[in-house]
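Let's take a friendly walk through a protein model, topic by topic. Have the structure open, and pick out each residue as it comes up.

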Amino acid sequence: MTPQLAVDRTHTRTGGWAVLGPGNIARRFLAGLASSDGELVAVGSSDASRAQSFADEATKQGAADVTAGDYAHALADPRVDAVYVSSVHTAHPALTIAALEAGKAVLCEKPLAVNHGTAMALVDAARQAGVPLVEAYMYRFHPQTRAVLDLVRDGAIGRVLHVDASFAFRVGERNGRLFDPAVAGGGILDVGGYTVTMASAVVDAADGVHASEPVDLTASGVVGPTGVDEWTVARATYRSGITATLTTGVMTPAANTVTILGEKGSIRVAEPWVPTGDTEIELATPEGVRTIVIDATDAYALEADATIAALREGRPDAPEMTSAETLATARSLDRWRAAIGLRYPFETEESDIPPVRGRFGGVGTGGDMRYGDIPGVGKRVSRLVMGVDNQPDLAHASAIFDVYAEQGGNVFDTAYIYGDGELEKRLGRWIANRGVREDVVVITKGGHTPHCDPESLSRQLLESLERQGTDYADIYMLHRDNLDVPVGEFVDVLDEHARAGRIRVFGGSNWSPERIDEANAYALANGRQGFGVVSDHFGLAEAYDVPWEGCVQLTDATSKRWLEERQIPLLPWSSQARGFFAGRARPDDRSDSELVRCYYSDENFERLRRAETMGAERGVPTTAIALAYVLAQPFPTFPLFGPRTIEETRSSMRGLTVDLTSEEVAWLDLRS
């Protein structure tokens, strides 16, 4: 029988905790709570007897009024301020989401999620809920770690050259969660993340940056007979040249130490991961070897207090382990697993990956999306188009597509050449998983140089449809033009596919105004369907060159007049000028040769300055002003954007909330 919730708030405390997943590590957390400012008040488990047993243990250790029941019971307890999630890896997302939606701060055991896509969705959910989410790498909260990073930051060993970190052990038998791929077993996710987070923290301290990631990561290792990594070594190189060797495993023991090498000495930590009692840091320099003693403290208590402090102070995370570091770590762990060929069965490109929130609200259930009409499509068309070219795996794509769709986005732009076809398959799998084919508009492109001809177009169209698992393209565009092919030949074959129902609307990407006019004149004269859309480069920044050969820009005054006269729907790519409005451009920084070649001029930097000024006045990012400029044109625009993260997705979509007058558009474009 589940006990009734105790709601007595007369006792003194600063944080009431619930434990979800009462296993061995939860017992360590429980012991740590005794020296923290919090107390356990509830336990939740899928097994009622386990929950009650854990509650009984807590009572024996001095806890009072601890209730036990299922997860929902624990989250419903009004005394609970924060939740410690300590289940198997694959259960973290559902429990974290449930706790966030209940308004509780969350301290989730590492890894927060099995992959970066899921971790990204959880961080986004916490931001939307307005409560903290902290990943429980408890060693990061220990004063020993802080002392190590201070030594690095203060230059105690000079310029840092290399980090050697290991965390591995041997389990006698290949059974249990560590050897089960269904629950994301293996060493990389269980303890390899410790080595990744330590190396990153050292690089941050040495270089004065935050959330460092390797620019290069290679690895070798052994994937055992059960399908999990049993032993692996990664070699990482960071932007400043610092290197790291990261060792982990569950079938071979290691020294489990951290050594940091610098030009003037070294730092060695004998117990970096589970500091027990008084611990020591060894600092070796030309002056000799010095031992720094760190007084005993409980890292579990410190991470609990840090989570409650974040809740009380209205912060989204804890400075000891920020969300940015969590996401950087997740990306690095994805790369490490990929380097040894490890992917869990539930992550494959053929999987039915469910929404991280456990439910999909459908297309257009919220947000500030605006819609327009493209004649012939037969569906409403969101003004902001999701580019399908920056999603490295299905979990990542699903997380971003879910947010975009639920915020009202329903148009996806893909191409035959993207990811050698994998990105088309990925989009098609998400559409099938969510059952939204008739709710979305899919733009498909083919006929890229050097295969830009009618025969290649037909072959690629049919292959694209097969990849996507559909029998038609809402909009089909030639990815490039080929001036050696008479325009009528392109119109004829596109019209044939349209009449067969394989295309609804067609057009040209990177086609000039002159060729578009020629195509439509041919179509009119010969009873064919004409070009209904164009997708060229257009944005606030004037383009003086284009990123790739064969591209066409319409940012000059003559092209703008043509667009206004023709009123042909424009689907502009790179409306953010490849990062020019995202903080990547400065007159004195010429490190990005493409950005310099295409956009650097006094006029464009003045446009950037005006967009920054307007963004500051309206409380939106500069990129939102750049997007609003495109949306406010006197001809129909449906700008493409290619976010790499959910955060970028939401930031870009803020441009939908900005309305610009014609006078403001002219001012941004230096016409007034």
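We start with a charge and a ring: the charged end of Arg 467 sits over the ring of Tyr 416, 4.2 Å from the ring centre. Please keep in mind that this is a predicted model.

**Charges over rings**

- Arg 467 and Tyr 416 are one example of a charge placed over a ring.
- For another, look at Arg 437, which lies over the face of Tyr 472 at 4.1 Å from the centre of the ring.

**Aromatic pairs**

- How many aromatic pairs does a search of the whole structure find? The search gives 26 aromatic pairs.
- One of them joins Phe 538 and Tyr 629: the ring centres are 6.4 Å apart and the planes meet at 10°, so this pair is stacked.
- This pair links distant parts of the chain, with Phe 538 in the loop between β22 (533–535) and α15 (557–566) and Tyr 629 in helix α19 (residues 622–631), 91 residues apart.
- Both Phe 538 and Tyr 629 are buried.
- Phe 580 and Phe 605 make a tilted pair, with 5.2 Å from centre to centre and 45° between the planes.
- Here too the pair links distant parts of the chain: Phe 580 belongs to helix α16 (residues 580–584) and Phe 605 to helix α18 (residues 602–618), 25 residues apart.

- A search of the whole structure turns up 0 disulfides.
- For comparison, a disulfide needs two cysteine sulfur atoms within 2.5 Å.
- Cys 598 is in no disulfide either, as the nearest cysteine sulfur, that of Cys 551, is 8.9 Å away.
- Both residues are tucked inside: Cys 452 is buried, with a relative accessible area of 2%, and Cys 598 is buried, at 0%.

**Empty spaces**

- Rolling a probe the size of a water molecule over the atoms shows where empty space is left.
- The structure has 3 cavities of 30 Å³ or more, and the largest cavity holds about 150 Å³ of space.
- Which residues lie nearest the centre of the largest cavity? They are Ala 121, Arg 357, Ala 399, Asp 402 and Val 403, out of 13 lining residues.
- Helices α5 (116–129), α10 (394–406) and α20 (646–653) each supply at least two residues of this lining, and the largest share, 4 residues, comes from α10.
- By class, the lining of the largest cavity has 7 nonpolar and 6 charged residues, with no polar ones.
- The second largest pocket holds about 640 Å³ of space.
- Its lining has 27 residues, with Asn 24, Ile 25, Lys 110, Arg 177 and Asp 190 nearest the centre.
- Both α1 (24–33) and α7 (187–207) supply at least two residues each to the lining of the second largest pocket.
- That lining divides into 12 nonpolar, 9 polar and 6 charged residues.

- Lys 110, one of the residues nearest the centre of the second largest pocket, is joined to Pro 111 by a cis peptide bond, with omega near -15°.
- Pro 111 lies in the loop between β5 (105–109) and α5.
- Another cis peptide bond joins Thr 449 and Pro 450, with omega about 10°, and Pro 450 is in the loop between β19 (441–446) and α12 (454–468).
- Asp 65 is not a glycine, yet its phi is positive, near 55°. You can find Asp 65 in the loop between α2 (48–60) and β3 (67–69).
- Ala 577 also has a positive phi, of about 60°, without being a glycine.
- Look for Ala 577 in the loop between α15 and α16, where this residue is buried with a relative accessible area of 1%.

Note on methods: Residues are numbered from 1 along each chain as its sequence is written. This is a predicted model: local features need pLDDT of at least 70, side-chain atom pairs count only at pLDDT 80 or more; totals for chains, interfaces and linings use all residues. Side-chain values use heavy atoms; hydrogens and water are left out. Buried means under 20% relative accessible area, exposed over 50%, partly exposed in between (1.4 Å probe, protein chains only). On a 1 Å grid over the protein atoms alone, a cavity is a set of points where a 1.4 Å probe fits but cannot get out, and a pocket is an open set with protein on both sides within 12 Å along at least five of seven lines; lining residues have an atom within 4 Å of a point. Grid points are joined across faces, edges and corners, and a volume is the space filled by probe spheres set on the points. Ala, Val, Leu, Ile, Met, Phe, Trp, Tyr, Cys and Pro count as nonpolar, Asp, Glu, Lys and Arg as charged, and the others, Gly among them, as polar. Rings of Phe, Tyr and Trp (its six-membered ring) pair if their centres lie within 6.5 Å; planes under 30 degrees apart count as stacked, over 60 as edge-to-face and the rest as tilted. A charge sits over a ring if NZ of Lys or CZ of Arg is within 6 Å of the ring centre and within 35 degrees of the ring normal.
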